[in-house]
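This briefing covers one predicted protein model.

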Amino acid sequence: MPRPIHATIHTEALRHNLLRARRSMPDARAWAVVKANAYGHGIERVFEGLRGADGFALLDLAEAERIRALGWRGPILLLEGVFEPRDLETCSRLGLAHAVHCDAQIDWLAAHKTQTPHHVFLKMNSGMNRLGFTPARYRAAWARLNALPQVDEIGLMTHFSDADGPRGIAHQREAFEAATRDLPGERCVANSAAILRHAGDAGLRSDWVRPGIVLYGSAADYPAHSAADWGLQPTMTLATRIIGMQDLLPGATVGYGSRFRAEAPLRIGVAACGYADGYPRLCDTGTPVLVNGVRTRILGRVSMDMLTVDLTPVPDAGLGAEVTLWGRASAASGPAGRGALLSIDEVAHAAGTVGYELMCALAQRVPVSVE
Ligand SMILES: *Cc1c(COP(=O)(O)O)cnc(C)c1O
């Protein structure tokens, strides 16, 4: 029998979250962002749940090929554009729209021979200072693109650094608006946090939105809001089983570095999941976990293949009991915990990171199924 660890991708939850994102900005078309192999879920595994989107956005040309191989004939956008001139041939062959964020990409387009003019999104650096033309240089780039026979449609795009936080988007939105006011073309600006938090802002115009993390059921702005606050459902469950138990006497310690010490007699379970499965080693005593759907905590240090859990709230749990690291407890959990939820955001927060990183880091060795 293989190790009992297993991940499940929830198709219905993906569908639900996409609809949730759309409800915030009902007039916008939605690029479902599926970069990083659909945030670790697997492009092929999320396709059914997200095919209701208007297009797919990603970074990697090989991932674009995979979406075409699934039979998707609609729009696909390369969020960072092409990395070298010959990538433009792939764009022509697969009909990919692509971001243009620097002069070199315009030079390459000008030299590209194609029968099919390209749909591009001209990226502005409105304050994030990652990719894009500054507002001062944006118009000149637009004019150059507009003069190229290789280009037929130019969308206008920027990306927000603080849509999830107190600084907000106004400073960037204003910079973008001022520099694009009289330019034609579709606007593409809002990421998940902007969709959830800023949809109603006066002056926010986004003909296309780019939801990513919201589709995968994580709150972009945890802990200010939780996934439940935003009406999102978990799309990935990571679950395993108890493979050993120990009854500790007062003073006994648990795991590497003896980081947990029992003050009183304590029953603990050993779960078959460790950092080599993608569970963060930085999660310490107290990180929430479900055993048979009942909320408890991990104890001591996470090791490569195992972690330990407190069985006090689940005295009946024995060998083979279900342990949910994040996501949804199964229908087979005991009556107390059936279908209980544990947000990936809570676990990520305990490790000092965000849900994005945990889902993207699900290890190759974990078998995954789709339901
Ligand atoms: C990743 C990415 C997104 C999606 O971001 P979320 O925070 O996951 O919604 C949108 N736009 C660009 C340019 C991105 O790189």
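R51 counts as partly exposed because its relative accessibility is 43%; buried means under 20% relative accessible area, exposed over 50%, and partly exposed in between, with a 1.4 Å probe and protein chains only. R51 forms a salt bridge with E48, the closest N and O atoms being 3.2 Å apart. A salt bridge here is a side-chain nitrogen of Lys or Arg within 4 Å of a carboxyl oxygen of Asp or Glu. E48 is partly exposed as well, with a relative accessible area of 40%.

This is a predicted model, in which local features need pLDDT of at least 70 and side-chain atom pairs count only at pLDDT 80 or more, while totals for chains, interfaces and linings use all residues. Residues are numbered from 1 along each chain as its sequence is written, and side-chain values use heavy atoms, with hydrogens and water left out.

**Salt bridges**

- The structure holds 22 salt bridges.
- One of them joins the side chains of D277 and R3, at 2.9 Å from N to O. This pair links distant parts of the chain, 274 residues apart: D277 is in the loop between strand 13 (266–271) and strand 14 (288–291), and R3 is in the segment before strand 1. Helices (H or I, at least four residues) and strands (E, at least two) are DSSP runs, numbered from the N terminus.
- D277 has 0% relative accessibility and so counts as buried, whereas R3, at 32%, counts as partly exposed.
- R3 and D277 also belong to a network of salt bridges that includes D305 and R365.
- R66 and E44 meet through their side chains in a salt bridge of 2.8 Å, N to O. R66 lies in helix 4 (residues 61–69) and E44 in helix 3, so the pair ties together parts that are 22 residues apart in sequence.
- R66 is partly exposed, with a relative accessible area of 29%, and E44 is partly exposed, with 40%.

**Aromatic pairs**

- There are 8 aromatic pairs in the structure. Rings of Phe, Tyr and Trp (its six-membered ring) pair if their centres lie within 6.5 Å; planes under 30 degrees apart count as stacked, over 60 as edge-to-face and the rest as tilted.
- W31 and F121 form an edge-to-face pair, with 6.0 Å centre to centre and 80° between the planes. W31 is in strand 2 (residues 29–33) and F121 in strand 6 (residues 118–124), so parts 90 residues apart in sequence are tied together by the pair. Both W31 and F121 are buried.
- Y39 and Y216 form a stacked pair, with 4.6 Å centre to centre and 20° between the planes. The pair links distant parts of the chain, 177 residues apart, with Y39 in helix 2 (residues 35–39) and Y216 in the loop between strand 9 (208–209) and strand 10 (236–248). Both Y39 and Y216 are buried.
- W31, F121 and W208 form one aromatic cluster.

**Helix 1**

- Helix 1 (residues 11–24) has 14 residues and reaches 21 Å from its first C-alpha to its last. That is close to the 20 Å expected at 1.5 Å a residue, where the expected span is 1.5 Å times one less than the number of residues.
- Its buried residues are T11, A13, L14, N17, L18, R20 and A21.
- Strand 1 (6–9), helix 3 (43–50), helix 9 (192–197) and strand 19 (368–370) are among the elements covering the buried residues of helix 1. Contact means heavy atoms within 4.5 Å.

**D345**

- D345 is in helix 10 (residues 344–350).
- D345 is buried yet has no salt bridge, and R295, the nearest side chain of opposite charge, is 12 Å away. Lys and Arg count as positive and Asp and Glu as negative; His and the chain ends are not counted.
- The side chain of D345 makes a polar contact with the side chain of S218 at 2.3 Å. A polar contact is a pair of N or O atoms within 3.5 Å; within protein, one must be able to donate a hydrogen and the other to accept it, and residues adjacent in sequence count only if both atoms are side-chain atoms.
- Apart from neighbours within four places in sequence, D345 is in contact with S218, A219, Y222, A227 and G355.

**Whole chain**

- The protein chain has 11 helices and 19 strands.
- Its C-alpha atoms fill a box of roughly 75 × 40 × 35 Å, taken along the principal axes.
- Of its 371 residues, 52% count as buried.
- Among contacts between residues at least 6 apart in sequence, 63% join residues at least 24 apart.
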